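Here is my note on the model, in numbered points. Please keep the structure open while you read.

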Amino acid sequence: MARPRRSDDTRQMLVEEGSAGFLANGYHGTGIKQVLDAVGVPKGSFYNYFDSKESFAQAVIDHYSLCIQRNLADALGPASDPIDGLRVFFDRLIDDFVAADYTGGCLIANLGGELEGSETLRESLSGAFTAWRDGVAVALREAQEQKLVRDDIDAAELADLLVESWEGAVIRMKIERSIRPLRNCLRRLLDDYFLP
């Protein structure tokens, strides 16, 4: 019997549902059946789209990474300057966290703490984090050229500091159920340490 035709729309719905599940329950707490049921796909059809749960998680990480890159580009594109664009990007993340009642956080960080044993997923997470950091570094490099940001430290190092500090602030946000750590992170870096 011939395999059913794969639907790119169905695959995308599975990835999006997987992203929501992984954010809410983690990799190990999200069952494939739960994702399939939510999308209305029969259990046996999973392997028409993915070789394994690991390859599914890889697709989810890639999707999440592309969303970050797209959202960063959407914030930077119309901004009056790169720092304003970064503020818009992070403010939108804050709005999303408030709308989600301080749950979820960042899929990259969440899975990074959970999936130490999978080299494949570690590499995917590393690539996603690097892509995000590189996008922030491009904005900071442009800000350095415009004399909006100090230029005695490489833009990639400043981007590492910003994204890594942000991730720590996200953890505190979830613990405290407050956006204060996020606002403090941005204020301390964008309004102080990064200034020329």
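1. Start with Phe90. This residue is buried, with a relative accessible area of 0%. Buried means under 20% relative accessible area, exposed means over 50%, and partly exposed covers the values in between (1.4 Å probe, protein chains only). Trp166 is buried too, at 1%.

2. Before going further, note the ground rules. This is a predicted model; local features need pLDDT of at least 70, side-chain atom pairs count only at pLDDT 80 or more, and totals for chains, interfaces and linings use all residues. Residues are numbered from 1 along each chain as its sequence is written, and side-chain values use heavy atoms, with hydrogens and water left out.

3. Overall layout. The chain has nine helices and zero strands. Helices (H or I, at least four residues) and strands (E, at least two) are DSSP runs, numbered from the N terminus. The C-alpha atoms fill a box of roughly 65 × 35 × 30 Å along the principal axes. Of the 196 residues in the chain, 43% are buried. Take the contacts (heavy atoms within 4.5 Å) between residues at least 6 apart in sequence: 68% of them join residues at least 24 apart.

4. Aromatic pairs. Rings of Phe, Tyr and Trp (its six-membered ring) pair if their centres lie within 6.5 Å; planes under 30 degrees apart count as stacked, over 60 as edge-to-face and the rest as tilted. The count by this rule is 12 aromatic pairs. One of them joins Phe46 and Phe50, a tilted pair with 5.4 Å centre to centre and 35° between the planes. Phe46 is buried at 3% relative accessible area, and Phe50 is buried at 2%. Now return to Phe90 and Trp166. Their ring centres are 4.6 Å apart and their planes are at 50°, so this pair is tilted. Phe90 lies in helix α5 (residues 82–99) and Trp166 in helix α8 (residues 155–176), so the pair ties together parts that are 76 residues apart in sequence.

5. A ring cluster. Which residues do ring pairs link into a cluster? They are Phe22, Tyr27, Phe46, Tyr47, Phe50 and Phe56. Tyr27 also has a charge over its ring: the charged end of Lys53 sits 4.4 Å from the ring centre. The rule asks for NZ of Lys or CZ of Arg within 6 Å of the ring centre and within 35 degrees of the ring normal. Arg150 does likewise with Tyr193, its charged end 4.5 Å from the ring centre.

6. Helix α8, length and start. The helix has 22 residues and reaches 31 Å from its first C-alpha to its last, close to the 32 Å expected at 1.5 Å a residue. That expected span is 1.5 Å times one less than the number of residues. Asp154 caps the N-terminal end of α8, with a side-chain oxygen 3.0 Å from the backbone nitrogen of Ala156.

7. Helix α8, its two sides. Buried residues of α8 include Ala155, Leu158, Leu162, Trp166, Val170 and Met173.

8. Two positive phi values. Most residues other than glycine have a negative phi. Lys147 has a positive phi, near 65°. Lys147 lies in the loop between α7 and α8 and is exposed, with a relative accessible area of 58%. Arg177 is not a glycine either, yet its phi is positive, about 55°. Arg177 follows α8 and lies in the loop between α8 and α9. Its relative accessibility of 42% makes Arg177 partly exposed.

9. Is Thr10 buried or exposed? Thr10 is buried, with a relative accessible area of 15%. Thr10 lies in helix α1 (residues 8–25). Leaving out residues up to four places away in sequence, Thr10 touches Val41 and Tyr49.

Conventions. Polar contact = N/O pair within 3.5 Å; in protein donor to acceptor, adjacent residues only side chain to side chain.
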